[in-house]
Amino acid sequence: DVLPCPEGPAPVPSVTAIRQYLRAQGIPFHDGYSCLHAPSPFAGEPAAPGGPYTLFIDKTTGSFLCTATLAEGSWQDLQACVELRHRGDALPAPAEPDEEEARGREDARRLWERALPLGELLDEEETRLTKAAFDISVLADATLRRFGVRYLRAAKALVFPWLSPRDGSVRGVKLVAAERRDDATLYAEQTLPRPSAYRNLFGLPLIGRRDTEVVLTGRELDALALHQATGVPCVSLPRGPACLPPPLLPYLEQFKRITLWLGDDLRAWEAAKLFARKLNVRRCSLVRPGDQLPRPLDALNRGLNLTKILRGALPAAHKSIVSFRQLREEVFGELVNAEQVAGVKWARFPELNRLLKGHRRGELTIFTGPTGSGKTTFISEYALDLCTQGVCTLWGSFEISNIRLAKIMLTQFATQRLEEQLEQYDEWADRFEDLPLYFMTFHGQQNIKTVVDTMQHAVYMYDITHVVIDNLQFMMGHEQLSADR
C-alpha cells in the first residue's frame, strides 16, 4: 500500500488576521516591535488593557511564547487553547522536554555543579594563568562573579550558565575552551543540551524591567567586557552571528534601542543587518567591524573607549537616497577586507575558490551536466564544506529522497564507509546533527510559490544564507521548462 502524503505545514497567518482574531475573542493586546503582547491564558492573567502581558505572538510566524510559564507553540495551538478556555476546560500542561533534551539538561546541571567560580580556584596564580589562557586578564573578578562564570578544570574550559527565566534553575551550559595560535586566542565551544535546543541569551537574568537599551554580542566574553567597560546591559546570542532563533525575540521586546556588535569580520556585519530586520530596524544600531573596531573583548584589551564606539553605532534603518559621503566608510571597508568580501572560501576546493572566489549572499550559481555526471554528489560535498564553516544551509532535494541525500552527506562528512563500521554511526551522526543544515520535505514537481514561501520561512526561522535546489528540472516539471525557459 502507498502511504498517504504527509500534510503540508500549517498555514502561517498574516499579522492582520492575528489582530482580527484577538479582537473577535475580546483579548486585549498591543503592538510590539516583532511580537504582539497579550495576557497569557497559561499564567491566568486578567484580560486588563494595562497588562502586564506575558504572552508574545510572533508577527511573522504566529507562534507564541508565554514568558511566565515557558509554554510555547504554533498559532493553531494558541487558537485551540483560547477555545478551551472559552468552554471552561482546563488548558493542557506545557510539554515536557523529550528524553534527549532532558538528559542534556541533567548533564548540564552536573557539569555546572562540578565547575568552580573563577575566584575560588586553588590560588591566585592558578586564577591568573587561567585568565591569561583565555586572554581575559582585563576582566575583573567582580564582573565574572556577576555573570556567574565558572571554570571546569577537567576540560580546561570556562562554563557559562543558561538560567531559566522562570525560576533561575540551570537549563543548560556552554563550555568554551581556548587555544593560542599565531599570537591569537581561538575559542572552541560546546553546548549542553545540543545546539538546536540551546536557546540562551546569556546575561538576560541581570537585565532590569526598566532597562530600555541593550547590546547584543556574538560571544559571552564580549558581553562581559562591554558591561564592565560601559555599564550598559549586555546579552550574547547562543550561536553568535550564525543565527537569532525567533523564540528569543520576546525577551528583547522591552528594549527601545538595541545595538548589535556581533564580531570583527564581514560575516558578523552581514548577520547584524539580517538580525536587525527581525528585531525591527527602527530601534537597531550596528557597530561596523574594522581594524579600528575589533570585537568588544579585543577592544578592551587594546584600551579603546567602548562607550565612544557604542555612541558611534550606525542606525540600521537607512534612507531611500544616500550620498557617497554616507557610503564612504562602507566602500573603504570593502577595499580593506577584499578577501572577506569575496565570500566564504571552500576548504576542500581550491580550484573553486580560484573560479568563484567564495560563497557570497545574494548570488545564484548554476551547475549543469548530463544525468549521472555527479552533480548531486559534488554539490552535497560543496554545500557540506560551507556548512561545516557555519554557513546555515537549506537543501531542496526534488530528485532524490532526503534519506538518500543525508546518507551521501554523512558519508562525505565522516570520510569513510559507515556501513562497514556501524559501531561509529552514532558518534558521526551526533556531530552531523549539530551542523546548521536543514532539508525541505518536497519531492518531484512543486508549485513555485509554495517552495519560495518555504525558503522565506526558513530564512526567518533559521537564518539560512545558502539554499540548494537539486534540481530545477524536477522541481518545475518537464512541461513547464519546455514551455517557458
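Two strands count as paired if DSSP finds at least two bridges between them. The model described here is predicted.

**Hairpin.** Strand β9, residues 170–181, and strand β10, residues 184–192, run antiparallel and are joined by nine bridges. The two strands form a hairpin with two residues between them. Arginine 181 stands opposite alanine 184 of β10. In the turn, aspartate 182 has a positive phi of about 55°.

**Five-stranded sheet.** An open sheet has the strand order β1-β2-β3-β4-β5, and its pairing is antiparallel. The edges are formed by β1 (30–31) and β5 (72–73); each has a single partner strand, so one side of each lacks a neighbour in the sheet. Strand β1 is joined to β2 (residues 35–38) by two bridges, and these strands run antiparallel. Histidine 37 in β2 is the bridge partner of histidine 30. Helix α1, residues 15–24, packs on this sheet and touches β1, β2 and β3 (55–58). The direction of α1 makes about 10° with that of β2.

| Strand pair | Direction | Bridges |
|---|---|---|
| β9 (residues 170–181) and β10 (residues 184–192) | antiparallel | nine bridges |
| β1 and β2 (residues 35–38) | antiparallel | two bridges |

**Surface patch.** Phe324, Leu327, Val331 and Leu335 make a nonpolar surface patch of about 390 Å². Leucine 327 lies in helix α10, residues 324–336. The relative accessible area of leucine 327 is 38%, so this residue is partly exposed: the class lies between buried, under 20%, and exposed, over 50%.

How values were computed
Residues are numbered from 1 along each chain as its sequence is written. This is a predicted model: local features need pLDDT of at least 70, side-chain atom pairs count only at pLDDT 80 or more; totals for chains, interfaces and linings use all residues. Side-chain values use heavy atoms; hydrogens and water are left out. Patches are made of residues with over 30% relative accessible area and no salt bridge: like charges are joined within 9 Å, nonpolar side chains (Val, Leu, Ile, Met, Phe, Trp, Tyr) within 5 Å. Accessible areas come from the Shrake-Rupley method with a 1.4 Å probe; for residues, only the protein chains shown count as cover. A salt bridge is a side-chain nitrogen of Lys or Arg within 4 Å of a carboxyl oxygen of Asp or Glu. Helices (H or I, at least four residues) and strands (E, at least two) are DSSP runs, numbered from the N terminus. Buried means under 20% relative accessible area, exposed over 50%, partly exposed in between (1.4 Å probe, protein chains only). Contact means heavy atoms within 4.5 Å. Axes are lines fitted to C-alpha atoms, for helices over the stretch in contact, and angles run from 0 to 180 degrees between N-to-C directions.
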